[in-house]
Amino acid sequence: MLSFTIAKEVGDRYGEGATYLNLAISYLHLRDCRKATGHCIKCLDVAKLAGMKDLERRAYDCLGNIRSFLGDLKGTVEHCL
């Protein structure tokens, strides 16, 4: 979490959000959907506050992937559209 700490210290909102997203993806690979979702939502919050549409889109994609992994096809479509 050193990258997260540094991003917070220097006020790098994109780095902070990207770190949350990377953690979400890592937890999804570990099949821990609860933690993956939590980190995705934190990424989404940072992205929305800072107006970073690309990072926001990537967070929604990740949430869709989590829903897909859980077999929730309706939720997958809602997050990806």
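**A close look at helix 4**

Guide: Helix 4 has 17 residues and spans 24 Å from its first C-alpha to its last, close to the 24 Å expected at 1.5 Å a residue; the expected span is 1.5 Å times one less than the number of residues. Helices here are DSSP runs (H or I, at least four residues), numbered from the N terminus. Bear in mind that this is a predicted model, in which local features need pLDDT of at least 70 and side-chain atom pairs count only at pLDDT 80 or more, while totals for chains, interfaces and linings use all residues. Residues are numbered from 1 along each chain as its sequence is written, and side-chain values use heavy atoms, leaving out hydrogens and water.

Now for the partner. The axes of helix 3 (residues 33-50) and helix 4 (residues 53-69) come within 8 Å and cross at roughly 160°. Axes are lines fitted to C-alpha atoms, for helices over the stretch in contact, with angles from 0 to 180 degrees between N-to-C directions. That crossing makes helix 3 roughly antiparallel to helix 4, a label for angles over 145 degrees. Helix 3 passes helix 4 in a left-handed crossing, with the near helix turned anticlockwise from the far one by less than a right angle.

Where do helix 3 and helix 4 meet? Helix 4 brings L55, E56, A59, Y60, C62, L63, I66 and F69, and these meet C33, A36, T37, C40, C43, L44, A47 and K48 of helix 3; contact means heavy atoms within 4.5 Å. By class, this contact has 13 nonpolar, 1 polar and 2 charged residues. Nonpolar covers Ala, Val, Leu, Ile, Met, Phe, Trp, Tyr, Cys and Pro, charged covers Asp, Glu, Lys and Arg, and the others, Gly among them, are polar.

Just after helix 4, G71 takes a positive phi of about 85°.

For a second example, look at helix 1 (residues 2-10) and helix 2, whose axes come within 8 Å and cross at roughly 155°. That makes helix 1 roughly antiparallel to helix 2. E16 lies in helix 2 (residues 13-29) and counts as buried because its relative accessibility is 6%.

Conventions:
Helices (H or I, at least four residues) and strands (E, at least two) are DSSP runs, numbered from the N terminus. Angles under 35 degrees count as roughly parallel, over 145 as roughly antiparallel, 65 to 115 as roughly perpendicular and the rest as oblique. Buried means under 20% relative accessible area, exposed over 50%, partly exposed in between (1.4 Å probe, protein chains only).
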